[in-house]
Amino acid sequence: MSGARIKICGLFRPEDARAANAAMPDYAGFVFCETSRRCVAPEQARKLRAALHADIRTVGVFVDAPPERIAQLYLDGIITIAQLHGGEDVAYIQALREACPALEIWQAFRVRTADDLEKAAASAADRVLLDGGAGGGQPFDWALVKGFPRPFILAGGLTPETIPDAVARLRPFAVDISSGVETDGVKDADKITAAVRAARRQPMQKGRFGIHGGQYIPETLMNAVLELEEAYEFYKNDPQFNEELSTLLREYAGRPSRLYHAQKMSEDLGGAKIYLKREDMNFTGAHKVNNVLGQTLLARKMGKTRVIAETGAGQHGVATATAAALMGLQCEIFMGEEDTKRQALNVYKMRLLGAQVHPVLSGTRTLKDAVSETMREWTRRIADTHYVLGSVMGPHPFPTIVRDFQAVIGKEIKEQALKKEGRLPDAILACVGGGSNAIGAFYHFIGDTSVRLIGCEAAGRGVDTFETAATLTTGREGIFHGMKSYFCQDAYGQIAPVYSISAGLDYPGIGPEHAFLHDTGRAEYVPVTDEEAVTAFEYLSRTEGIIPAIESAHALAYAMQIAPGMRKDQFIVVNLSGRGDKDCASVARYRGEAITE
């Protein structure tokens with residue numbers, strides 16, 4: 001079964017049983033506590049049990065009830081599970097088991113502190129239920145549950161609307177809902193059906209990663225997006241397309257990129273051995289070419305003659321202009337005016353390659369505004385144009401397409417690590433803006449839970465300032481640029497201005513798959529400041545003779561923090577997503593040295 005199991009609690013009317021039969025939850029709850037307005041007498045519960053579908057298991061809810069009373073309800077066929085909400089201890093549970101060995105026992109715990117969770121983890125019951133109150137429909141801080149060591153039932157303040165989020169974030173064994181499916185104090189059949197459907201929803205649906213992703217786009221773009229999805233679904237399985245792309249990656253981009261043992265860095269820092277995945281050695285100088293070759297080839301197969309793209313640091317723009325020149329496509333690039341100044345060299349490269357570069361003058365004149373303007377341009381000219389979106393963001397199917405084209409990074413890391421070390425890395429680190437290089441490095445390791453996946457966000461001048469771009473550290477859920485994800489927002493829910501020394505990381509959101517990996521705890525996301533990144537930029541240059549992109553330096557900075565505390569028999573991989581010649585002038589200015597490019 002996908003999603004989570006679900007219990008509809010507090011049935012006490014014949015209409016409630018009919019509603020449950022229509023929706024078919026896994027469990028139906030009868031409350032046998034006299035202080036509850038939903039309390040039922042044994043005979044009333046017997047009639048409800050008889051009216052319920054045989055496949056719906058029934059749960060009796062009790063508060064310090066005599067064990068023999070519970071056992072009798074089980075022996076009479078009224079309940080199959082006892083849910084304990086009082087002060088029942090180990091001796092009580094043992095007595096109940098002796099009275100009725102086949103009865104399944106759930107024990108409820110009110111969660112207010114970490115100590116409450118420790119008690120729940122140690123419970124002698126078959127399963128534990130984590131609640132915000134004494135069955136009063138009160139929510140609690142879900143963050144407390146992260147890492148809870150045993151399967152649990154989640155209760156407290158749930159509604160059909162919040163259940164998908166709860167299931168995606170916490171992966172409970174089951175959810176328990178009562179007041180959340182009521183209207184004016186009685187069970188609502190439509191709400192019960194909605195809750196059951198919400199609980200059983202796939203963790204990842206088409207275009208969704210948990211609750212994130214989707215297609216929040218104007219009607220004028222829907223046909224273009226559907227056309228793209230249809231084309232990608234066909235060509236991703238087409239042998240000729242895949243052979244052409246493999247040849248381009250090998251012969252034109254220079255793949256596979258090297259997995260380089262940074263020996264001097266490893267020895268200097270001590271602790272874990274450090275490897276660098278040398279995406280900076282790709283043609284055009286970054287990981288961006290992996291996705292761009294795939295998308296421009298796809299565009300040509302679709303009959304498009306023009307490509308457009310956004311760019312921040314310029315690497316995606318250069319890669320798009322390069323591939324467009326190779327494939328004979330007209331190319332236009334949208335870049336925030338502020339970024340055209342920070343990355344003047346890349347602007348020249350794009351124009352040299354035949355692309356038209358449009359400085360974007362709206363908003364903060366950075367990456368966010370370049371994305372917005374590119375989407376607007378796409379709506380104006382769909383028939384012959386493909387938008388080569390540069391990161392794992394935007395409306396479906398872009399997050400999936402970009403991830404699949406970038407996943408070659410992680411595929412190679414796995415093969416190379418096994419060849420060099422005979423095992424998988426202990427950790428993989430990558431910088432995160434929208435998140436394409438990171439998801440490319442992470443994707444083939446998501447199922448390998450022994451490997452830590454660490455995304456390094458741009459904290460700018462600090463997460464305690466307004467000059468930051470650390471989305472998962474400071475942001476909250478929202479909808480922007482065609483997707484639901486986490487975004488940096490102001491007090492009114494508007495997208496907030498963000499800042500980083502890195503033109504490629506100062507985006508106010510993050511791709512939906514990263515949001516999902518964050519929610520589920522599979523990946524860690526940490527903030528790295530400008531100062532830490534610049535220090536790492538200088539350190540790698542002087543230690544290994546490799547000048548990294550300032551984006552990549554964010555991941556290097558965190559590697560410099562964690563490697564010394566790891567064992568010498570461990571090793572980590574840092575995805576060196578790009579080279580840093582484009583950033584030398586910016587870093588020099590940051591250090592107070594006035595130079596021109």
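Modeller: Of the chain's 597 residues, 60% count as buried, where buried means under 20% relative accessible area, exposed over 50% and partly exposed in between, with a 1.4 Å probe and protein chains only. Keep in mind that this is a predicted model, where local features need pLDDT of at least 70, side-chain atom pairs count only at pLDDT 80 or more, and totals for chains, interfaces and linings use all residues. Residues are numbered from 1 along each chain as its sequence is written, and side-chain values use heavy atoms, with hydrogens and water left out.

The chain holds 23 helices and 24 strands; these are DSSP runs numbered from the N terminus, with helices being H or I of at least four residues and strands E of at least two. Along the principal axes, the C-alpha atoms fill a box of roughly 85 × 55 × 50 Å. Take the contacts in the chain with a separation of 6 or more: 66% of them come from residues 24 or more positions apart, a contact being heavy atoms within 4.5 Å.

Now for the close look. Rings of Phe, Tyr and Trp (its six-membered ring) pair if their centres lie within 6.5 Å; planes under 30 degrees apart count as stacked, over 60 as edge-to-face and the rest as tilted. By that rule there are 12 aromatic pairs. One of them joins Phe 32 and Phe 62, which are stacked, with 5.2 Å centre to centre and 10 degrees between the planes. Phe 32 sits in the loop between strand S2 (27-31) and helix H2 (42-51), while Phe 62 belongs to strand S3 (residues 57-62), so this pair ties together parts that are 30 residues apart in sequence.

Tyr 235 has 17% relative accessibility and so counts as buried, and Phe 241 is buried with a relative accessible area of 1%. Which residues make up the aromatic cluster here? Tyr 235 and Phe 241 form one cluster together with Phe 234.
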